[in-house]
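Let's take a walk through this structure together. Have the sequence and the 3D view open as you read.

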Amino acid sequence: MHSKAYSVTEAKRKLESYCAYQDRCHKEVVDKLKGMRMIPEAIDQIVTHLIQENFLNEERYAQSFARGKFNIKKWGKNRIVNELKQRQISRFNIKTALKEIDEEAYLTTLHQLSLKRLSQITETNVQKKRKKLADYLLYRGWESHLVYRKLQELIPNT
């Protein structure tokens, strides 16, 4: 654990570079400051400073989070929304963040992800195969109506 005591100025500088390295949400910043044993008044002061200087911006954070998790991890909107909620991001910023995801790219990604996963499933029983694909896609946060439509398309009921 940190035994070093930080002055407000030192903590400010440290958190500026923490936020400059990658977008952070308020919760991550506050947790980091608590870890540095800063008192609540200092935490409020530093968070306010970071917001005013644009080091901390929840809307920007939510947008880059949504883009990144979709483009890199191929997460669906449900998973992105839940993860943002866990980080205490406002409904408004979550809505804004989801607009970062192009609808056509979203459906194309679902299709490619489904095909890739399907090729990895060795199950021969059709129902079990469908269930495995559905579980995989739902876990990654894809909306159930899209998942079931995709199952119908790729593994039709015989």
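Start with helix 7 and helix 8, which cross in a right-handed way. Keep in mind that you're looking at a predicted model. On the helix 7 side, the contact is made by Leu110, Leu113, Ser114, Arg117 and Leu118, and helix 8 answers with Lys129, Leu133, Tyr136 and Leu137. Sort these contact residues by class and you get six nonpolar, one polar and two charged. As for the geometry, helix 7 covers residues 103–120 and helix 8 covers residues 126–139, and they pack at an angle of about 135° with their axes 10 Å apart. Because of that angle, helix 7 counts as oblique to helix 8.

Now move back along the chain to another pair. Helix 5 (residues 77–86) packs with helix 6 (residues 91–98) at an angle of about 145°, and their axes are 10 Å apart. Here, too, the crossing is right-handed. Helix 5 brings Lys77, Ile80, Val81, Leu84 and Lys85 to the contact, while helix 6 brings Ile94, Ala97 and Leu98. This contact has six nonpolar and two charged residues, with no polar ones.

Last stop: the largest pocket, with a volume of about 180 Å³. Around it you'll find Gln22, Asp23, Glu28, Tyr61, Ser64, Phe65, Gly68, Lys69, Ile72, Lys73 and Arg87. Which helix gives the most to this lining? That's helix 4, residues 58–71, with five residues. By class, the lining of the pocket holds five charged, three polar and three nonpolar residues.

Technical notes
Residues are numbered from 1 along each chain as its sequence is written. This is a predicted model: local features need pLDDT of at least 70, side-chain atom pairs count only at pLDDT 80 or more; totals for chains, interfaces and linings use all residues. Side-chain values use heavy atoms; hydrogens and water are left out. On a 1 Å grid over the protein atoms alone, a cavity is a set of points where a 1.4 Å probe fits but cannot get out, and a pocket is an open set with protein on both sides within 12 Å along at least five of seven lines; lining residues have an atom within 4 Å of a point. Grid points are joined across faces, edges and corners, and a volume is the space filled by probe spheres set on the points. Helices (H or I, at least four residues) and strands (E, at least two) are DSSP runs, numbered from the N terminus. Ala, Val, Leu, Ile, Met, Phe, Trp, Tyr, Cys and Pro count as nonpolar, Asp, Glu, Lys and Arg as charged, and the others, Gly among them, as polar. Axes are lines fitted to C-alpha atoms, for helices over the stretch in contact, and angles run from 0 to 180 degrees between N-to-C directions. Angles under 35 degrees count as roughly parallel, over 145 as roughly antiparallel, 65 to 115 as roughly perpendicular and the rest as oblique. A crossing is left-handed if the near helix is turned anticlockwise from the far one by less than a right angle, and right-handed if clockwise. Contact means heavy atoms within 4.5 Å.
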